[in-house]
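Me: I have a structure to go through and I'm new to it. Can we take it piece by piece?

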Amino acid sequence: MASNKAARDGEKIWKTNIDKVNAELVTLTYGTMVAQLCSDFNNRYGEVNKQLDKMGYNIGMRLIEDFFARSGAQRCSSFKETAETISKIGFKMFLNITPAVANWSADNKSFSLIFDENPLADFVELPNDGRAQDELWFSNIFCGILRGALEMVQMQVEAHYVSDVLRGNDTTELRVTLLRYMEDEMPPDDE
């Protein structure tokens, strides 16, 4: 089955083709960045979420090249295959986690990634100001990364969090919806 092959490929790539970085260093650096954004935007968490998404989008646009170079993966033939590849190869390759793919919509254009673990959220407590629990999506950078990476392979998607254990929910769920397949387009300012 393609899902099992993707899982094996992700594990092999993680073990052989990836330079490792200390997970605690990444976690603490990311947490410091989010804290600084909260400070810069005076705890306007909607703005912090937008900035994290924007940063992630820019990372995703570049990360996809590294993904293809290291994984040897080919273009996926369906959105379901794309979801499995993201979960079992992409997240495994870069973060050594494998979120579950679940909750497919009837038209197969929307799915959820369910995170059992989130290395960005280790050691994290949201600010206790009465608003962060309802407004801040701490790992919103993942939404932008997915949008940016998938746009580079001609898939326009919308990604958002449905729940997060940091907010007191039972699970962390990120919802991804395919909006459209894009044609090969030149950016508006290029000739």
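Me: What stands opposite glutamate 158 in S4?

Reply: Threonine 177 stands opposite glutamate 158. Before going on: this is a predicted model, in which local features need pLDDT of at least 70 and side-chain atom pairs count only at pLDDT 80 or more, while totals for chains, interfaces and linings use all residues. Residues are numbered from 1 along each chain as its sequence is written, and side-chain values use heavy atoms, with hydrogens and water left out.

Me: How many bridges join S3 to S4?

Reply: 8 bridges join strand S3 (residues 155-163) to S4, and the two run antiparallel. Strands pair if DSSP finds at least two bridges between them. Strands (E, at least two residues) and helices (H or I, at least four) are DSSP runs, numbered from the N terminus.

Me: And which strand do 6 bridges join to S4?

Reply: That is strand S2 (residues 110-115), which runs antiparallel to S4 (residues 172-181). Within this pairing, phenylalanine 115 has threonine 172 of S4 as its bridge partner.

Me: Changing topic. How many salt bridges does a search of the whole structure find?

Reply: The search finds 6 salt bridges. The term means a side-chain nitrogen of Lys or Arg within 4 Å of a carboxyl oxygen of Asp or Glu.

Me: Which residue does aspartate 53 meet in a salt bridge?

Reply: Aspartate 53 meets arginine 147, at 2.6 Å from N to O. Aspartate 53 is in helix H3 (residues 45-71) and arginine 147 in helix H6 (residues 141-151), so the pair ties together parts 94 residues apart in sequence.

Me: Is aspartate 53 buried or exposed?

Reply: Aspartate 53 is buried, at 15% relative accessible area. Arginine 147 counts as partly exposed, at 23%. Buried means under 20% relative accessible area, exposed over 50%, and partly exposed in between (1.4 Å probe, protein chains only).

Me: At what angle do H3 and H6 pack?

Reply: The angle is about 40 degrees, and the axes are 6 Å apart. Axes are lines fitted to C-alpha atoms, for helices over the stretch in contact, and angles run from 0 to 180 degrees between N-to-C directions. H3 and H6 are therefore oblique to each other; angles under 35 degrees count as roughly parallel, over 145 as roughly antiparallel, 65 to 115 as roughly perpendicular and the rest as oblique.

Me: Which residues make the contact?

Reply: Among them are Asp53, Gly56 and Gly60 of H3, with Gly144, Arg147 and Gly148 of H6. Contact means heavy atoms within 4.5 Å.

Me: How many residues of H6 are buried?

Reply: 9 of the 11 are buried, so H6 is largely enclosed by the rest of the structure. The buried ones include Phe142, Leu146 and Leu150.

Me: What about H3 and H4, at what angle do they pack?

Reply: About 95 degrees, with axes 11 Å apart. H3 and H4 are therefore roughly perpendicular to each other. Their contact includes Asp66 and Arg70 of H3, and Ile89 and Met93 of H4.

Me: What does aspartate 66 form with arginine 70?

Reply: A salt bridge, with the closest N and O atoms 2.7 Å apart. Aspartate 66 and arginine 70 are 4 residues apart in helix H3, so about one helical turn separates them. Aspartate 66 is partly exposed at 27%, and arginine 70 is partly exposed at 29%.

Me: Which residue does lysine 88 meet in a salt bridge?

Reply: Lysine 88 meets glutamate 84, at 2.6 Å from N to O. Both lie in helix H4 (residues 79-95), 4 residues apart.
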